[in-house]
Amino acid sequence: ASESATRATHALALAPVTAPASTVDGFVREFLQNLNFNRGVALSTSSATDRYFALAYTVRDYLMARWLEDLRRQREVQAKGVAYLSAEYLLGRQLDNNLLASGLTDIASEALASCGIDLDDLRQQEVEPGLGNGGLGRLAACFIDSLATLGVPNTGYGIRYEYGIFRQTFEDGQQVEQPDSWLAYGSPWEFPHPEAAQTISFGGHTETYDDGGVQRSRWVPGWNVQAVPYNYMVPGYQNGRVNTLRLWSAKATNSFDLRVFNSGDYEEAVRAQTFAENISKVLYPEDSTPQGKELRLQQQYFFVAASIKDFLDVTLPKDFDLTKLPDRIIFQLNDTHPVIAVPELMRVLVDEKKMEWEDAWAITQKCFAYTCHTLLPEALEVWSVDLLGHLLPRHLEIIYRINDDFLDAVRERFGDDEMRIRDMSIIGEHPVRSVRMAYLATVAGAKVNGVAELHSQLLREKVLPDFDEFFPGKFTNVTNGVTPRRFVRLANPELSALITDALGSGWVTDLERLRELETHAEDPEFRARFAEVKAANKRRLSAVLRERDGFEVSDGHMLDVMVKRLHEYKRQMLKILHVVTQYESVISGRVVAADLQPRTAIFGAKAAPGYAMAKNIIHLINAVGSVVNADTRLEGRLKVLFPPNYNVTLAERVIPAADLSEQISLAGKEASGTGNMKFALNGALTIGTDDGANVEIRELVGDENFFLFGMSEPEVEALWARGYKPAEFYQADDNLRRALDLIASGAFSRGDRSTFEPIVSNLLYDDRFMVLADYSSYIAEQVKVDAAYADQDAWNRSAILNVARTGFFSSDRSMRDYIDRIWHTPPSF
Ligand code: 9GP
């Protein structure tokens with residue numbers, strides 16, 4: 001009997017893991033099991049947290065078989081895959097997405113109902129993992145969703161920050177930052193693997209040694225930490241595919257020194273531990289402006305070194321021939337944050353695997369590609385040679401060698417043009433000697449891409465022109481995209497149902513099919529249904545804002561929405577000036593309130609904690625809101641709402657309800673934008689400049705369905721060249737003068753003229769982002785918006801055409817572009 005039992009056990013162990021039955025009964029059984037055995041509670045005594053966790057575990061159970069199978073196949077087939085290296089993943093809530101991907105939403109809802117539980121209540125329990133600042137991190141999350149949906153083997157690598165982007169509250173209209181303890185109750189979606197930790201070293205010095213007659217350099221590190229992987233499932237949309245997101249958490253090598261602890265010096269005993277674990281403690285809340293802190297470089301090296309080790313030592317078979325590495329992997333560098341991976345791979349190949357420098361370099365150049373996400377020169381990371389040499393001395397040597405070889409090649413090609421050599425050097429000399437990470441990435445990467453047509457063009461022509469000349473064919477464009485699963489299917493169920501009704505369900509993975517809606521735009525009945533969807537979304541938003549913030553959204557208002565990080569280049573200032581202009585025109589009696597098209601301006605924005613001007617603008621928006629909302633002279637026709645703590649969860653409610661999407665950055669400053677795509681896909685019309693992906697949105701939806709204003713990028717350049725004097729614009733436009741004067745008068749600061757003086761004087765005498773220069777054309781275009789909105793039927797037609805014509809902005813398409821132009825990975829195995 002015992003022999004047959006053993007045989008049976010073996011058979012069981014070898015059999016593939018099976019998913020629970022996809023029935024309501026099967027789901028209930030699994031859910032209760034999880035509640036009892038994993039949470040240790042009975043249904044009758046369980047808390048909402050228990051139930052949420054048990055539900056998440058249940059969804060995981062359904063995905064597990066596929067995940068294990070995909071991991072097995074990946075090891076077996078050894079096809080070329082993508083390792084996406086990103087310091088940020090702004091994931092948003094997982095539950096709904098994973099239910100949708102596994103096709104379980106209805107079953108789960110029914111199963112829970114049979115236990116007396118409302119699925120919606122459990123949805124609210126999830127704290128979203130805010131492991132990113134804004135567009136860059138959200139893009140990474142969209143990309144890994146699309147790769148799984150396309151069936152491309154991919155591992156996303158990043159950092160498991162213990163604290164994500166701060167939680168924003170307002171006190172007296174001013175931003176206050178609270179820590180985001182998203183892990184306070186743990187996360188049911190992660191699988192920690194402490195046994196698979198990697199040791200990551202820092203500091204110390206380098207030394208040369210004799211290796212059988214060859215002089216080699218090696219690194220003698222000063223200290224190290226453990227990188228513990230936490231795996232997350234990344235399910236494709238109803239295709240049975242599950243990829244992996246692997247986030248690293250820092251842990252001290254020795255938890256603490258018991259000897260010191262026993263001697264009574266408790267603080268000293270845990271000091272090393274605290275120091276090491278700080279590495280993954282908190283996300284830097286800067287967006288588009290790096291700040292060169294040592295801890296940040298520690299974070300960057302920490303996660304890329306762990307990821308490279310993970311790939312070479314764990315994913316690859318033991319006897320793998322490393323000269324074939326480019327056939328197995330491409331590391332995509334998401335902005336400059338992971339670029340230290342380049343010298344790290346060189347170090348591993350040369351120092352540890354004893355390869356010749358030239359061979360290692362040839363391999364490295366094929367294993368990396370770099371995406372640049374910015375045009376702001378101050379946002380391109382540089383690391384001072386002192387800091388880098390202190391933290392990663394061997395890497396600095398390697399960077400010098402890469403630079404020497406590169407500059408030799410430049411000299412050979414362009415002659416001794418010292419000016420050009422200085423401009424192209426990976427090492428910059430001013431204001432201090434530093435490593436220009438974007439240059440390093442450009443030299444090392446097989447391809448370099450920008451994130452929208454205009455951005456890629458400016459990157460080639462303005463930011464890195466010498467490199468474009470030196471490396472013909474290296475630069476390319478991949479316009480960003482957003483996942484239709486989260487941002488249409490989940491965020492806008494009513495619109496999704498309407499589309500599915502018209503087209504069938506295939507559009508969710510083939511977004512270009514939305515084109516077929518064009519004919520429906522001509523059908524009055526379809527337009528009426530579309531209008532009803534928008535109205536329902538507004539009611540839903542209204543309920544959310546009432547519950548969340550105590551706000552009331554007025555009926556019949558155009559919802560005019562600007563949600564994104566607060567940055568001067570994005571020009572929230574312009575939007576608030578429009579509000580002040582309308583307000584001033586009524587209180588001064590020049591316009592009758594009854595003539596205003598009812599509008600609610602909705603803002604959502606976090607400012608980097610150290611960015612004083614951005615915080616001041618938040619204060620101003622809130623101050624204007626308090627005054628305008630309370631002033632009865634407006635008869636409730638103009639409102640400003642600024643719900644705090646804008647995040648992915650709120651975006652999913654706000655975007656589907658919006659009528660007007662504000663994309664009003666100064667031309668040449670917004671690399672792409674992705675919010676702009678989400679709004680258009682949900683049937684909002686855009687008021688925007690010719691910047692970033694707005695350009696492509698406008699081309700696709702047509703001029704007549706887009707409100708364009710402001711200077712083009714060449715016009716901006718021309719104005720700078722002529723000499724920009726913002727005060728001249730102030731003098732020339734009465735409305736602008738009145739609006740700024742009203743702010744300066746203290747009308748929004750209880751008579752205190754000093755509160756917003758820094759904003760006003762900055763606009764009048766500096767105005768780096770040309771708010772005043774674009775003001776007149778913005779206001780004029782807003783007048784056209786009002787007129788257009790008055791004809792609701794025509795507006796709805798335009799809105800439907802926006803949906804129909806923006807299928808291009810699916811991140812599935814972006815991923816296909818990366819695959820075709822950059823990665824050359826097979827679509828499946
Ligand atoms: O500012 C860009 C934004 O325009 C773009 O859409 C996003 C994704 O590509 O990246 C942002 N860049 C950064 O956050 C930092 O470079």
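Domain bounds, as used here, come from an automatic or database domain assignment. The structure is a predicted model, in which local features need pLDDT of at least 70 and side-chain atom pairs count only at pLDDT 80 or more, while totals for chains, interfaces and linings use all residues. Residues are numbered from 1 along each chain as its sequence is written.

The protein is divided into domain 1 (13–77 + 94–127), domain 2 (78–93 + 128–480 + 816–823) and domain 3 (545–792). The C-alpha centres of domain 2 and domain 3 lie 36 Å apart. Their contact takes 37 residues from domain 2 and 31 residues from domain 3, two residues being in contact if their C-beta atoms, placed from the backbone, lie within 7 Å. On the side of domain 2 that touches domain 3, two or more residues each come from helix H7 (135–150), strand E5 (167–171), strand E6 (174–178) and helix H18 (453–463). Helices (H or I, at least four residues) and strands (E, at least two) are DSSP runs, numbered from the N terminus. By class, this side of domain 2 has eleven nonpolar, 18 polar and eight charged residues; Ala, Val, Leu, Ile, Met, Phe, Trp, Tyr, Cys and Pro count as nonpolar, Asp, Glu, Lys and Arg as charged, and the others, Gly among them, as polar.

The ligand is surrounded by 18 residues, each with its C-beta atom, placed from the backbone, within 6 Å of the molecule. Gly135, Leu136, His373, Thr374 and Ser672 are the closest. The shell has five nonpolar, ten polar and three charged residues. Domain 2 and domain 3 both give residues to this shell, so the ligand lies between them.
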